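Hi,

Here is the structure I promised to pass on. Have a look at it first, and then read my notes below.

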Amino acid sequence: MKSARAVREECEDGGDGAAPHRAASGGLVRLTPHALEASAASLVRLHEPERMNLLGLLMRGLLSANLEDPGLRARALALRGSIDVRAGDMHVTLRFAAEGVHIAADGTSANARVSGDMKSLLGVVTGAGMIGPVLRGRVRIGGNPFLLLRVLPLIRARAGGARAEGDHPALPRAEARP
Amino acid sequence: MKRALVAIVGADNVLDSESDLEPYREDYCEADPVDPSFVVFARTTEEVQVIVKLCASGRTPITPRVAGSNVGGLALPAPGGIVLDLSRMNRIVSVDTADMYAVIEPGVTQADLKRHLLERDIPLTFGFSLAPPDTSVLANCLLGGLTNRSLKYGDQSQWVSGLEVVLPDGSLVRTGSWALSDSAFGLVPFPDVSGMFIGWQGATGITTRMAFQLWPRHRLNKRLFVLTYSAHGTFEAVRRLCRTELCDDIGGLSWPSAKMMMGVKNPYPEPATGEPTFFLYVDLTAETAAEMALKEGVLEQILADIHRKGDRVEEPLDVATLLRVNPALGAFAEFPVELEFLTNHGGGGLTWIGTYGPLSRFEDGIAAGTEIMVRRGFPPLIVTRPMRGGHYGVLRFVAIFDRKSPEEVARIRELNVELLEMVTDKGFVMYKTPPWAWEKLRGRIDPGMLELMRRMKRLVDPLGIMNPGKLGF
Ligand SMILES: Cc1cc2nc3c(=O)[nH]c(=O)nc-3n(C[C@H](O)[C@H](O)[C@H](O)COP(=O)(O)OP(=O)(O)OC[C@H]3O[C@@H](n4cnc5c(N)ncnc54)[C@H](O)[C@@H]3O)c2cc1C
């Protein structure tokens, strides 16, 4: 097993790297052709993957799947700013930069925030809408609302990305899963 | 020997080149490799009988094997012995839909049987282990394995309703109702001589056919994930849910499993701040939506009550939702499954201390096992499951390692010894016991039972040719 130090170094190669390019939070900038051509998975980087919490790993899966879509990829790469996502006591910060999205659980401040219990947040991500849960107090938002609005489509599970209910051979029909 | 074997099964079914024997020298675990002299594929009971007679005449050790995925070196040969590969003996002989049992050969895999039932639209099912799809249903029944139907119906050996076995002298025996009736409905009411072959790791005979019970496949099913934040909350939920008798399965996985499934090969041994410590996956089945809603309602009530009393547990999440968020979790959507994070991680090594034990002691066992694994630098990957209505449960400590690194293998061996001592002290019993563990336990097992086992083994296998080296023989 690697030492914690080795882990950190491995994950920091290329690391955030976003700072010099960062525009004002929530701002949109011109895209680098390199990032547009990179594989979706390589555009979503985890800070210290071996220590990353479950929420960060879920987010990586979701963003990697979504960034396969050229439209969403262009949107993500044009976005600058950071958003703190908190599910229960777990939280991660998503930083949008020229090179892609960087996910960290280091507690640094962000330009916008969204928090709630896991079930409600998953509901938002899978398309239940934000307004209802916010009104019911199950999801809370704060910070730059424009950034939040721009990020939301990027963290929505798409029917074609991750498989939607009913598409999976196992679900929901009883015949498919013994 | 080779000529005689070729005469029985044909040249295509006898292997002896170094490259062909390579896959049979070792399995996933840390056991030392052993070279067989031949690998022989049998396709019929008659062939098995003749091969066994041949081995008996030359006192050649013989090890039956299908996929070799038992994770304990149980299908590794004795030096110079032959491996009898039964994977080509893979007929589903019959499925009795009226009396709900199937008769299968050893090479029938989890995937084969599932496909057979689905393709014919037979409304019956069986339990799936987390073992790869190409593993033998029969072998896991003989080993008393655990599946996603074990909460309801017990370990897989309890579903066996009849065996056809080639004894070490080549003679054939049928056990259970099959000994008299044309229906293999059950092991009762004769003395249960099937026990001579169940749990014996192939050391008493070669089972060539098995009748075993199937279960109704209900119209609706749902798998729900429950995130929990303490061992007490987790197993309080498990124990209470067991007593509702509403769940088909309540699998439990500690936090590293989800991370490994989502691509983190070596999670840091401590959970991240605020992270759930366990995930329960609860299977519900029902005939109608109302029945399903009722079951879900009871589940939610119990979880809410536990939460209210101070153990944090989240509301159940449908696996379909989780799948949409991260397809990597698809491994838990459909069984049988290839858990690549365990079987295909580069280093090749997989090992565990898998036990059956009292559910009331799970928190204690988990705390002690976690301490040992973390102290030794391993993420505490733990798999649990209540069995047979909750009368006991599975507690399994799992580790992956690099088989090519002698240092890693040495670390793994030390880890397993310490875990074995800990679980045994706490009253858990290791299943599919590998030879090294049997040696450690031998001094603690009731001497009367050991002596009886020795006599039984001598009775059926006086030459000691059947899978030598297992269970201390
Ligand atoms: C990733 C992974 C997950 C797993 N999860 C589970 C799980 O959830 N539950 C579980 O129970 N197991 C599990 N296992 C363990 C293992 O896969 C099962 O024990 C499996 O069913 C064994 O089948 P096999 O074909 O690999 O048997 P083998 O390993 O080939 O044989 C197992 C034993 O049976 C003997 N044997 C084989 N055929 C016969 C025969 N015809 N007559 C007499 N003896 C015979 C062999 O000599 C050996 O001792 C898992 C394994 C892996 C790799």
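Let me start with a question: is B:Arg308 buried or exposed? B:Arg308 is exposed, as its relative accessible area is 62%. Before you read on, please keep in mind that this is a predicted model.

B:Arg308 has a partner. Its side chain meets that of B:Asp305 in a salt bridge, at 2.9 Å from N to O. Both residues sit in helix α9 (residues 289-308) of chain B, 3 residues apart, which is about one turn of the helix. As background, an α-helix has 3.6 residues a turn, so residues three or four places apart point the same way.

**Other salt bridges**

Over all chains, a search of the whole structure turns up 40 salt bridges. One of them joins the side chains of B:Lys2 and B:Asp16, at 3.1 Å from N to O. That pair links distant parts of the chain: B:Lys2 is in helix α1 (residues 2-9) of chain B, while B:Asp16 is in the loop between β1 (14-15) and α2 (18-21), 14 residues apart. B:Lys2 is partly exposed, with a relative accessible area of 36%, and B:Asp16 is partly exposed too, with 34%.

B:Asp112 and B:Arg115 also meet through their side chains in a salt bridge, at 3.7 Å from N to O. They are separated by about one helical turn because they are 3 residues apart in helix α4 of chain B. B:Arg115 is partly exposed, and its relative accessible area is 43%. There is also a network of salt bridges to look up, which links B:Glu371, B:Arg375, B:Arg376, B:Glu414 and B:Glu418.

**Around B:Thr109**

B:Asp112 comes up again here: the side chain of B:Thr109 reaches the backbone nitrogen of B:Asp112 at 3.0 Å. B:Thr109 itself is in the loop between β6 (101-104) and α4 (110-119) of chain B. It counts as buried because its relative accessibility is 10%, under the 20% cut-off. Leaving aside residues up to four places away in sequence, B:Thr109 touches B:Pro133, B:Asp134, B:Thr135, B:Ser136 and B:Val137.

Several residues of α7(B) are buried, including B:Phe235, B:Arg239 and B:Leu241. Just after α7(B), B:Glu245 takes a positive phi of about 60°.

B:Glu363 belongs to helix α12 (residues 362-375) of chain B and is buried, with a relative accessible area of 18%. Apart from residues up to four places away in sequence, it touches B:Ala231, B:His232, B:Phe235 and B:Arg239.

Most residues other than glycine have a negative phi, and most peptide bonds are trans. A few places in chain B are worth checking with that in mind:

- The peptide bond from B:Val188 to B:Pro189 is cis, with omega near 5°; B:Pro189 is in the loop between β9 (172-174) and β10 (206-213).
- B:Phe335 and B:Pro336 are joined by a cis peptide bond, with omega about 0°; B:Pro336 lies in the loop between α10 (319-325) and α11 (340-343).
- B:Arg388 has a positive phi, near 45°; it is in the loop between β17 (381-387) and β18 (392-402) and is partly exposed, at 39%.
- B:Leu471 has a positive phi as well, near 50°; it lies in the segment after α15 (447-460) and counts as buried, at 5% relative accessibility.

**Where the chains meet**

How many residues does each chain bring to the contact? Chain A brings 39 residues and chain B brings 54. Together they bury about 4000 Å², with 59% of it on carbon and sulfur atoms. Between the two chains there are 3 salt bridges; in one of them, B:Glu315 pairs with A:Lys119, and the closest N and O atoms are 3.9 Å apart. On the side of chain A that touches chain B, α4 (54-66) and α6 (118-125) of chain A each supply at least two residues. The most comes from α4(A), with 6 residues. That side of chain A divides into 22 nonpolar, 5 polar and 12 charged residues.

Happy browsing!

Terms used:
Residues numbered from 1 in each chain as written. Chains lettered and ligands numbered in written order. Predicted model: local features only at pLDDT ≥ 70, side-chain atom pairs only at ≥ 80, totals over all residues. Heavy atoms only, no water. Contact = heavy atoms within 4.5 Å. Buried area = accessible area lost by both parts, 1.4 Å probe. Salt bridge = Lys/Arg side-chain N within 4 Å of Asp/Glu carboxyl O. Helix = DSSP H or I, 4+ residues; strand = E, 2+ residues; numbered from the N terminus. Nonpolar A, V, L, I, M, F, W, Y, C, P; charged D, E, K, R; others polar. Buried < 20%, exposed > 50% of the residue type's maximum accessible area, 1.4 Å probe, protein only. Polar contact = N/O pair within 3.5 Å; in protein donor to acceptor, adjacent residues only side chain to side chain.
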